[in-house]
Amino acid sequence: MEKLIDCFELEDYEVVSIIGSGGKTSLLIFLAKKYCHEKVLLSTTTKIGYPKANIYDRLVIDPFENLAAEIGITMAGKVTAKHEKKKISMPESAAFKQSFPLFDKVFLEADGAKQRPLKAWADFEPVIVTETTTTIGIIPLCVLGQLTDETIIHRLPYCLKLVSAKKNSPITVQHLAQLIEHPEGLFAKARGEKILYINHVEVTRDLELAKQIVQKMNPMFKRQLKKIIAGNTFSNRGWILWEK
């Protein structure tokens, strides 16, 4: 076991797209705060909830043409509102992406799961920008034993096409392995280095289940990944389960 942040080893300039379900925003904020001594940019390629003030050092809504890179966390995005609920979406301005190299780290939430702990993907998602250097795909351990229904899985019909499960059957380690490695699964549109992060791993039993997921995965697929990490953002505990 080591600190979760050390498992990722994001040492140089990075544009990190975070996809999957069950902890994307938490990981986004976790990574940003751990690198807050650098110039960090936070945003999304989809939509996320309007950020709390304790997440960032500065919030840039517009204009993006003069987006300045400063030490600390810069949150940037376009404000949208639906039913009086404000959200942040990615700026349409070309100048926004052009600002990426000014920062040391760019962290983007690049997927949506409608607040479900698990999901599958339609043709138009996730939305991963070409500037991405590392894609982190998240799978939450907490769904094991839950039933395959719409309350747990976003885009359930798509999911049932990717895994050997029927509706209302318990989710197993085999199902999660299939969702991860399927050609139309978690990493189908990934760019750059690929890191699998198994979330909600805290105690010994959790770690054993995470290892079982890795054991179920095809060795040929695993060689496409940079590494597989298990951990918990709240405790900053992490384990590297596999790496090249």
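This is a predicted model: local features need pLDDT of at least 70, side-chain atom pairs count only at pLDDT 80 or more; totals for chains, interfaces and linings use all residues.

Student: How many aromatic pairs does the count come to?

Tutor: The count comes to 5 aromatic pairs. Rings of Phe, Tyr and Trp (its six-membered ring) pair if their centres lie within 6.5 Å; planes under 30 degrees apart count as stacked, over 60 as edge-to-face and the rest as tilted. Take Tyr35 and Phe107: their ring centres are 6.3 Å apart and their planes are at 40°, so this pair is tilted.

Student: Where do Tyr35 and Phe107 lie?

Tutor: Tyr35 is in the loop between helix H2 (24–34) and strand E3 (39–44), and Phe107 is in strand E9 (residues 105–109), so the pair ties together parts that are 72 residues apart in sequence. Helices (H or I, at least four residues) and strands (E, at least two) are DSSP runs, numbered from the N terminus.

Student: Tyr35 and Phe107: buried or exposed?

Tutor: Both Tyr35 and Phe107 are buried. Buried means under 20% relative accessible area, exposed over 50%, and partly exposed in between (1.4 Å probe, protein chains only).

Student: Now Phe64 and Phe96. What kind of aromatic pair do they form?

Tutor: Phe64 and Phe96 are edge-to-face, with 6.0 Å centre to centre and 75° between the planes. They link distant parts of the chain, 32 residues apart. Phe64 sits in the loop between strand E5 (58–60) and strand E6 (72–76), and Phe96 in helix H3 (residues 94–98). Phe64 has a relative accessible area of 5%, so it is buried. Phe96 is at 0%, so it counts as buried too. Ring pairs also link Phe64, Phe96 and Phe100 into a cluster.

Student: Got it. Which ring does the charged end of Lys86 sit over?

Tutor: The ring of Tyr50, 4.2 Å from its centre. A charge sits over a ring if NZ of Lys or CZ of Arg is within 6 Å of the ring centre and within 35 degrees of the ring normal.

Student: New topic. Which residues touch the most other members in the largest nonpolar core?

Tutor: Ile180, Leu196, Ile198, Ile213 and Met217, out of 39 residues in that core. A nonpolar core is a set of buried Ala, Val, Leu, Ile, Met, Phe, Trp, Tyr and Cys residues joined through side-chain atoms within 4.5 Å.

Student: Which elements give two or more residues to this core?

Tutor: H4, H5, E13, H6 and strand E14 (227–232). A second, separate core has 27 residues, including Tyr35 and Ile229.

Student: What about H5? How many of its residues are buried?

Tutor: In helix H5 (residues 173–181), 7 of the 9 residues are buried, so the helix is mostly covered. Among them are Leu176, Leu179 and Ile180. The buried residues of H5 pack against several elements, including strand E11 (134–140), helix H4 (156–162) and helix H6 (204–216).

Student: And what is Met217 in contact with?

Tutor: Leaving aside neighbours within four places in sequence, Met217 is in contact with residues including Ala177, Ile180, Leu196 and Ile228. Contact means heavy atoms within 4.5 Å.

Student: Then which residue has a positive phi of about 70°?

Tutor: His200, although it is not a glycine. His200 lies in the loop between E13 and H6. At 29% relative accessibility, His200 counts as partly exposed. Asn236 has a positive phi of about 60°. At 14% relative accessibility, Asn236 counts as buried.

Student: Last one. How many helices and strands does the chain have?

Tutor: The protein chain has 7 helices and 15 strands. Of its 244 residues, 53% count as buried.

Definitions and conventions
Residues are numbered from 1 along each chain as its sequence is written. Side-chain values use heavy atoms; hydrogens and water are left out.
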